[in-house]
Amino acid sequence: MTSYQTLRARHITDFGAATAELLGRLDWTPERLAEHRRTELRRLVRTAKAASPWHRTRLREFNPEQLDVQSLAELPVMTKDDLMANFDEIVTDDRLRLDRVEAHLDSLHGADAYLLDRYHACASSGSSGRRGVFVYDWDGWTVAFLGLFRHLLGRQAGGPPTRMAVLGAAKATHQSATMPQTFSSGVVQMRRFPLTLPMPEIVAGLNEYQPSVLNGYPAVLYALTHEAVSGRLDIAPGTVVSIAEPLLPEIRAAVEGAWGAPVLNVWGASEGVSASSCGQGPGLHLSDDLAIVEPVDRDGRPVGRDRAAAKIYVTVLFNHTMPLIRYEITDELTVLDQRCPCGSAHQLIGDPQGRLDDSFQYRRDAEVLVHPHLFRSVLGARRNVIEYQVRQTPTGADIAVRCEGPVDLAALGDELRAGLARLGLPGAEITLAPVVHIERHGSGKLKRFLPL
């Protein structure tokens, strides 16, 4: 097995070459972009039929050489339930059995690691509340990162080295914890500030690091604006990046007011689909060269431009290790009927809507704010916890968990209590109850965090 540092050094070298290529794609003409999507769609489906038993059966009646973006709608839809129930038959490398990938994820704590010297894996509950596991090969991991951040990297090109502070997940099962470790380099330096740290520690670390780019969840960015206004946080980022949650107008205004810096909004999913703002106009550019996005209503009917979709069907063009073809994601997006002033042919979407996962506020000797990630990072790391819902109580939380297989609920509770104690809530009362069903909204989405 090759050492992690050797693999990472090789990955950073490849990342530099890929960055130039993917930045160039932002200037492609509509015709070149359309041809690329058609070519990559056919190549993806050929791979899926040849190397994935599940897709071979599912797509047996379809000829890849006749597929294009329009006829893609004739293919059946796949869901996260399909993925997790048929994982071993969907991946195109026989070594990537779900048990092996889950064991790899279980071994991760804060540190990045390669699987079989080639792959990266991550887990996410996503907007549906159902846990999913996703695998990327060497090039796919690079492309997934660039899909999220190439607009930012393009803005930074030619200037001094970027110093990015990443306010995200603590555990390396989440992309926001792992990608910065893989790709941090002398040109783009990335330092992680896990959201499980107490706010005073985050503030002290940021004051010491002095980032040129501040990248984090909107709820945390908003809390940091108050730290800046109070004088406790003394940084001057040139750019702020909002990721992983809806960027509400009041949060954007607070961030711009605190630092006078442009705010780039980034939307992405663990499945590999992404969009990001360029800073030259409203909305976000879909990564049209990397995925085909079909906005649909609740019943799966196509939704036109300037109308909010209830969900999307995504075909990820670059990840041949785990072919996701017309894969359902219940994010509500609106594709805009306009072009960006920057001139890019990549489609624009409006700022993704929805509501933030609610933070919990507790009152002890001082007010303690607990971001939902503290719960999400612990519960989402358990392979047998399929769904969960956290209900705040005055002294802690009551948590319903739907499990498929054994889960050590006592150890789970101990880990959550320890995390809350680090934030200033010693002796928090945590109850975990196994359930067979968790009530959902009419849209099918699960409200995972219920504050007082």
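Helix axes here are lines fitted to C-alpha atoms, for helices over the stretch in contact, and the angles between N-to-C directions run from 0 to 180 degrees. The model is a predicted one, so local features need pLDDT of at least 70 and side-chain atom pairs count only at pLDDT 80 or more, while totals for chains, interfaces and linings use all residues. Residues are numbered from 1 along each chain as its sequence is written, and side-chain values use heavy atoms, with hydrogens and water left out.

Take the pair α7 (residues 138–156) and α8 (residues 175–183) to begin with: their axes come within 11 Å and cross at roughly 105 degrees. That makes α7 roughly perpendicular to α8 (a label for angles of 65 to 115 degrees). Where they meet, W141, T142, A144, F145 and L148 of α7 are in contact with Q175, T178, M179, T182 and F183 of α8 (contact means heavy atoms within 4.5 Å).

Now for α13, which covers residues 409–422. From first C-alpha to last, this 14-residue helix reaches 20 Å, close to the 20 Å expected at 1.5 Å a residue (1.5 Å times one less than the number of residues). L412, G413, L416, G419 and L420 are buried in α13 (under 20% relative accessible area; exposed is over 50%, with a 1.4 Å probe and protein chains only). Seen down the axis, the buried residues fall within an arc of 125 degrees, so they line one face of α13. They pack against β15, α12, β17 and β18, whereas the face turned away from the buried side carries the exposed A410 and R422. Just after α13, G424 takes a positive phi of about 105 degrees.

Notes: Helices (H or I, at least four residues) and strands (E, at least two) are DSSP runs, numbered from the N terminus. The arc is that of the directions from the helix axis to the C-beta atoms. Angles under 35 degrees count as roughly parallel, over 145 as roughly antiparallel, 65 to 115 as roughly perpendicular and the rest as oblique.
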